[in-house]
Amino acid sequence: YELGHVLLKLDDVEGAIKELMETLELNPRFTDAALLLSELALQVGSGEQADVFLLKLLENNPSDDVALRGLIRIEVAAGRFDRALIAGEGLAGMFPEDAEVRQQLANLYLINGELEKSEHEALNLLRLTPDDWHVHFLLGSIYSTTGLVDRALKSLRRAAELAPGEWRSFN
């Protein structure tokens with residue numbers, strides 16, 4: 001694993017991939033190696049291979065939330081939002097009270113056009129974190145998408161109050 005990092009610093013991506021694959025053969029539950037290998041596979045244009053590494057890791061350790069979070073990140077980066085949503089729902093089932101996980105799930109619902117579910121998640125999240133400008137921004141996005149302009153404006157104004165200047169650069 002460490003040799004893989006050193007090879008990456010030397011811009012030897014192929015060598016790093018080979019080293020990380022050997023590491024995973026020796027220890028199929030090595031989460032960090034699988035995550036790095038998946039990110040490298042995605043970087044060189046092999047999104048399907050990136051999935052294989054993480055899915056194999058999850059097969060060996062289905063409760064590995066770090067691997068599940070990595071899978072979501074890889075799926076989003078590859079533009080496979082429907083698959084990211086499936087992983088996000090699994091993660092939310094494992095950590096129902098984790099605000100970050102719930103917010104990610106609400107975002108994934110929004111991206112996938114499941115606006116009612118997105119709003120439901122965001123409103124529940126707002127109860128947990130009423131002063132989080134990200135949640136108000138998310139609600140503003142949901143309401144804007146659904147044509148509820150007054151609600152969108154109210155939510156976006158609240159986001160601006162909570163984080164003046166910061167929320168405008170947020171996508």
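Ala, Val, Leu, Ile, Met, Phe, Trp, Tyr, Cys and Pro count as nonpolar, Asp, Glu, Lys and Arg as charged, and the others, Gly among them, as polar. This is a predicted model, in which local features need pLDDT of at least 70 and side-chain atom pairs count only at pLDDT 80 or more, while totals for chains, interfaces and linings use all residues. Residues are numbered from 1 along each chain as its sequence is written, and side-chain values use heavy atoms, with hydrogens and water left out.

**Exercise 1.** State the secondary-structure content and the extent of the chain.

Step 1. Helices (H or I, at least four residues) and strands (E, at least two) are DSSP runs, numbered from the N terminus. On this basis the chain contains 10 helices and 0 strands.

Step 2. Along the principal axes, the C-alpha atoms fill a box of roughly 55 × 30 × 25 Å.

**Exercise 2.** Describe the lining of the largest pocket.

Step 1. A pocket is defined on a 1 Å grid over the protein atoms alone, as an open set of points where a 1.4 Å probe fits, with protein on both sides within 12 Å along at least five of seven lines; lining residues have an atom within 4 Å of a point. Grid points are joined across faces, edges and corners, and the volume is the space filled by probe spheres set on them. The largest pocket has a volume of about 200 Å³.

Step 2. Its lining consists of M21, L24, E25, P28, A34, L37, Q49, V52, F53, K56, L57 and N60.

Step 3. At least two lining residues come from each of α2 (13-26), α3 (31-43) and α4 (47-60). The most are given by α4, with 6 residues.

Step 4. By class, the lining has 8 nonpolar, 2 polar and 2 charged residues.

**Exercise 3.** Determine how helix α5 (residues 65-77) packs on helix α6 (residues 81-94).

Step 1. Axes are lines fitted to C-alpha atoms, for helices over the stretch in contact, and angles run from 0 to 180 degrees between N-to-C directions. The axes of α5 and α6 come within 8 Å and cross at roughly 155°.

Step 2. Angles under 35 degrees count as roughly parallel, over 145 as roughly antiparallel, 65 to 115 as roughly perpendicular and the rest as oblique. The crossing angle of α5 and α6 therefore makes the two helices roughly antiparallel.

Step 3. A crossing is left-handed if the near helix is turned anticlockwise from the far one by less than a right angle, and right-handed if clockwise. The α5 and α6 crossing is left-handed.

Step 4. Contact means heavy atoms within 4.5 Å. Among the contact residues are L68, L71 and I72 of α5 and F81, A84 and L91 of α6. The classes in this contact are 9 nonpolar, 2 polar and 4 charged.

**Exercise 4.** Is α5 roughly parallel or roughly antiparallel to helix α7 (residues 99-111)?

Step 1. The axes of α5 and α7 lie 13 Å apart, at an angle of about 25°.

Step 2. α5 is therefore roughly parallel to α7.

Step 3. In this contact, R69, I72 and V76 of α5 meet E100, V101, Q104 and L108 of α7. By class, there are 4 nonpolar, 1 polar and 2 charged residues.
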